[in-house]
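I opened a new page in my notebook for a structure I had not looked at before. Here is what I looked up, entry by entry.

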Amino acid sequence: MIELKSAGEIAAMREAGRVVAAIHAAVRERAAVGVSLKALDEVARTVIEEAGAGASFLGYHPSFGATPYPGVICTSVNGTMLHGLPTPYRLRDGDLISVDCGAIVDGWHADGTVSFAVGHAREEDLKLIRVAEETLAAGIQAAVPGGRMGDIGHAMSTVGRGAGYGMQNDFGGHGIGRAMHESPFVPNEATAGRGLRLRPGLVIAIEPSLMAGGGDDYYMADDGWSVCSGDGSRSVHVEHTVAITADGPVILTLP
């Protein structure tokens with residue numbers, strides 16, 4: 001069942017979105033050569049605790065996960081596209097990292113992801129990040145009342161594939177609210193004019209991921225969580241929680 005949120009409920013989710021933005025800012029500030037992914041997870045835990053919020057990811061156990069999730073953020077490095085575990089791995093100069101996190105405030109969830117380079121960034125990585133952000137922006141722009149869910153995926157794939165990058169459509173966006181994952185599924189690639197009619201009050205996480213090698217294949221790592229590009233190419237993931245309103249899309253995961 002798809003649940004439409006009231007203005008008050010969207011405002012409550014906005015508070016959770018501010019916590020997500022604060023986590024991203026704190027983790028990005030701490031991320032540096034030699035810092036472990038586990039240390040970044042501890043930074044995120046501190047932000048959540050100080051905000052009086054909850055961690056959406058900790059202990060989450062979907063059907064595809066090998067175990068309950070052990071961290072509060074996903075830290076996906078280089079060829080890992082999604083759901084990378086916060087391990088003792090220490091960041092190296094030039095690493096490309098995506099940080100995905102979710103927060104709960106007063107029972108309401110928000111979910112978001114940022115990608116950035118550590119140390120000296122490669123030009124091709126900066127381009128990959130820029131195109132991913134443009135892909136997300138195109139999807140958000142298409143999230144308007146009266147449109148169709150397919151419009152969002154079409155807008156994103158037009159930008160991402162137009163730049164020559166690979167995309168996968170098995171792990172996409174989702175509804176969000178009282179639960180982190182709600183209906184409907186939000187595809188990264190779809191046909192314009194098809195799918196669910198978009199209505200005010202629908203709140204969704206829009207989250208494209210791009211693979212630099214141009215292929216669409218991926219595989220699950222031995223840890224049972226990490227989703228990796230099939231050709232080993234560097235990957236990025238970006239995401240915002242977005243409310244569809246009568247006045248257009250409103251991003252809830254900003255500072």
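**Ground rules.** I am working with a predicted model, where local features need pLDDT of at least 70, side-chain atom pairs count only at pLDDT 80 or more, and totals for chains, interfaces and linings use all residues. Residues are numbered from 1 along each chain as its sequence is written, and side-chain values use heavy atoms, with hydrogens and water left out.

**The record.** I checked UniProt, and its unreviewed entry places the feature "domain: Peptidase M24" at residues 12–246. I keep in mind that UniProt positions follow the numbering used here, that feature names are shortened, and that annotations may be inferred rather than shown by experiment. For the span 12–246 I noted 28% helix and 26% strand, with the end C-alpha atoms 18 Å apart. Helices (H or I, at least four residues) and strands (E, at least two) are DSSP runs, numbered from the N terminus. The unreviewed entry also has a "binding site" annotation, which covers His83 and His181. I then found both His83 and His181 in the lining of the largest pocket.

**Pockets.** I wrote down how a pocket is found: on a 1 Å grid over the protein atoms alone, it is an open set of points where a 1.4 Å probe fits, with protein on both sides within 12 Å along at least five of seven lines, and lining residues have an atom within 4 Å of a point. The largest pocket has a volume of about 380 Å³. A volume here is the space filled by probe spheres set on the points, which are joined across faces, edges and corners.

**His83.** I located His83 in the loop between strand S3 (80–82) and strand S4 (96–105). Is His83 buried or exposed? His83 counts as buried because its relative accessible area is 15%; the cut-offs are under 20% for buried, over 50% for exposed and partly exposed in between (1.4 Å probe, protein chains only). Beyond its neighbours within four places in sequence, His83 has contacts that include Phe64, Tyr69, Phe171 and Trp225, a contact being heavy atoms within 4.5 Å. I also noted a positive phi of about 65° for His83, although it is not a glycine.

**His181.** His181 sits in the loop between strand S7 (173–175) and strand S8 (182–186). His181 is partly exposed, because its relative accessibility is 38%. Outside four places in sequence, His181 is in contact with Tyr60, His174 and Gly175. Its side chain makes a polar contact with the side chain of His174 at 3.4 Å. A polar contact is a pair of N or O atoms within 3.5 Å; within protein, one must be able to donate a hydrogen and the other to accept it, and residues adjacent in sequence count only if both atoms are side-chain atoms.

Most residues other than glycine have a negative phi, and most peptide bonds are trans. I found a cis peptide bond from Ser183 to Pro184, with omega near 10°, and Pro184 is in strand S8. Asp106, in the loop between S4 and strand S5 (108–117), has a positive phi near 50°. Asp106 counts as exposed because its relative accessibility is 70%.

**Last look.** Thr135 is in helix H3 (residues 123–141), and it counts as buried because its relative accessibility is 0%. Among its contacts, leaving out neighbours within four places, I noted Met156, Val159 and Leu210.
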